[in-house]
Amino acid sequence: MTKMLTQFIEQENCHTLDFYLKNGGYNQAKRAILEMSADEIIEIAKQSNLRGRGGAGFPAGMKWSFIPRDIDKPKYLISNADEGEPGTFKDRVLLSKNPHQMFDGMIIAAKAIDCHLAFVYIRGEFKKEAEILENAIAEAKEKNILGKRIFGSDFDFDIVVHRGAGAYICGEETALIESIEGKRGQPRIKPPFPAIEGYLQCPTVVNNVETFAALPPIFENGAQWFVDLGVENSAGTKLFSISGHVKNPGVFEVPMGTPLHDLIYNDEFCGGMKDDIPLKSVIPGGSSSPILTAKEIDGLTMDYDAIQKAGSMLGSGAVIVMNETTDMVQVCYNLARFYAHESCGQCTPCREGTAWLIKILKRFTSGGARQEDIELLLDITDNIGGLVDFSQGSFGKTICPFGEAVSWPVRALVEKFLPEFEKRVQEK
Amino acid sequence: MSFFTEENQKRAENIFSQYPDKRSCALPLLHLAQSQEGYLSNETIEKVAEMCEIEPSEMMDTASFYTMFFRKPMGKYRIQVCQTLSCSLAGADKVVDHFAKKLKIQPGETTKDGKFSLLKVECLGSCGTGPVVQLNDDYIEGKTIEELDRTIDDL
């Protein structure tokens, strides 16, 4: 099975520059800098149909093409290594085991948007990973891969590692930009989008770690090769972080369109359910994606269209598996508490709504729930995030998608596991 | 006299040399100040604000937003237990209860001798190896309560 991101991660010293260079590293960055025009680079990225791996799935090439060419401002590039979405632990593998492949991709993207200073925004808790990145940057500078006039060209390019300090919302790209600017991580009203006014009001592109790391193999093997790895509308391979009640949780790189059943039950992946207790439900794409029941994942493949059709989303590729013993009311409370803690407090529906959600859910977990509380929960999710209608894309009660990120999973949990909530009412 | 030690002053200067503007150095400098002082007092925040050439209130606004910046002294060892879903499914709640009982403190508190602080934290980004405990900066992953106990007892 083709791997393009994690094929070397079991090998000793795989994070070093020497190792990376020996395996063809930085050939594509060098080619991009010395031989390719911005238009050629953007065209290949577009043809490859590489979609953002952080969660939103926006086409990377198109994002770059929004950067204005004819203005006198510096352009900035940011690698989003905030890895905040609960269930997601894939980027940590790339950061610690294969940092140069991300830098390789960042150089290609830098040439595409004419950027000379980039940041890696890494979550504050990943201090060791931040140190690995800093060492890798120092190695690359010594070999003229980063710094002044890289690869002997007239192109300067530096990367700065910027540590966050514990805030989920900083994974949202405009909050992330505010955070680098030394402010509270509160999302900005869009438009203007970062491509026009991002960091320091300059054109800025933010891509996920995995998105950057996918670029060198795409440029080496061609856009069509990448398209052919996956399925329609979902090109390439993808990292899936699988946690919860499985035998062997972990990060697995597989082609888009791989059956979820294989990932959970095959020995080369998770090896089945822990203690052989049957599966009850799965969160397919990080905690913000609506939960799916055992029935709903029957035959499900892991790609954008299939998961959307099933009523959820691929998101960051973070799969949380739960067995039959799992208390779904407790799961709902746990997730709502996470979002209440992480709400940045800027928009009233989110700040107040998340606080009310946990107050009411507490009645379900600790006693005192009333029949009307079920309707109340659903009403609050509507007030925070609007009705879930993927076909209509009904966004828009809060500045950023955090509102939807809390509403969707809570609503799905209440609706799909209603008897468990009703049982708590009767128990009072 | 500089607020930072000589070594940290050099680090601060290196930080300033990397960014196109001073305010962007706020987070790196707050991290550096906290590593030197243990927490961020009003005085420390004022000093960092002065270096970044912004108002103390603006720096306070920033510092107070992020959970990793402490506004009061913490124990020598911070036991930070992830409580978000995957870790919770892996038994994180029991880990918190265990340490609360063992150290005779509630989550959010510090032992009287100033040695341990117990903190419940949200997702640490290592959901496949729950329950995850971060001891100061180090991740301790997928350990049983007995194994965690041995680590803590050796401190």
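Q: What makes up the pattern of chain B, read along the sequence?
A: Chain B follows the pattern α-α-α-α-β-α-α-β-β-β-α. That comes to 7 helices and 4 strands. Helices are DSSP runs of H or I with at least four residues, strands are E runs with at least two, and both are numbered from the N terminus. The C-alpha trace of chain B spans about 50 × 35 × 25 Å along its principal axes.

Q: What are the ground rules for the model?
A: This is a predicted model: local features need pLDDT of at least 70, side-chain atom pairs count only at pLDDT 80 or more, and totals for chains, interfaces and linings use all residues. Residues are numbered from 1 along each chain as its sequence is written, chains are lettered from A and ligands numbered from 1 in the order in which they are written, and side-chain values use heavy atoms, with hydrogens and water left out.

Q: Into what domains is chain B divided?
A: Domain 1 is 6-65 and domain 2 is 77-153. The bounds come from an automatic or database domain assignment. The C-alpha centres of these two domains of chain B lie 29 Å apart.

Q: How many Å² do chain A and chain B bury between them?
A: About 3500 Å², with 56% of it on carbon and sulfur atoms. In chain A, the residues that lose the most area to chain B are A:Glu125, A:Ala165 and A:Arg184, together 17% of what that side buries. Buried area is the accessible area (1.4 Å probe) that two parts lose on being put together, summed over both.

Q: Why is the pair A:Lys127 and B:Asp137 called a salt bridge?
A: The rule asks for a side-chain nitrogen of Lys or Arg within 4 Å of a carboxyl oxygen of Asp or Glu. The side chains of A:Lys127 and B:Asp137 meet at 3.0 Å, N to O. The pair therefore qualifies. The count between chain A and chain B is 5 salt bridges.

Q: What makes A:Arg188 and A:Glu178 a salt bridge?
A: Their closest N and O atoms are 2.7 Å apart. The pair links distant parts of the chain, with A:Arg188 in the loop between H8 and S4 of chain A and A:Glu178 in helix H8, 10 residues apart. Over all chains the count is 35 salt bridges.

Q: What makes S6(A) and S5(A) a strand pair?
A: Two strands pair if DSSP finds at least two bridges between them. S5(A) and S6(A) have 6 bridges, in the antiparallel sense, so they pair by that rule. One of the bridges joins A:Ile242 to A:Gly250 in S6(A). The open sheet of 5 strands has the order S6-S5-S11-S8-S9 (chain A), with mixed pairing. Strand S6 (250-255) and strand S9 (292-293) are the edge strands, each pairing on one side only.

Q: What makes the backbone at A:Asn144 and A:Pro191 stand out?
A: Most residues other than glycine have a negative phi, and most peptide bonds are trans. A:Asn144, not a glycine, has a positive phi of about 65 degrees. A cis peptide bond joins A:Lys190 and A:Pro191, with omega about -5 degrees. The bond from A:Pro191 to A:Pro192 is also cis, with omega near 5 degrees.
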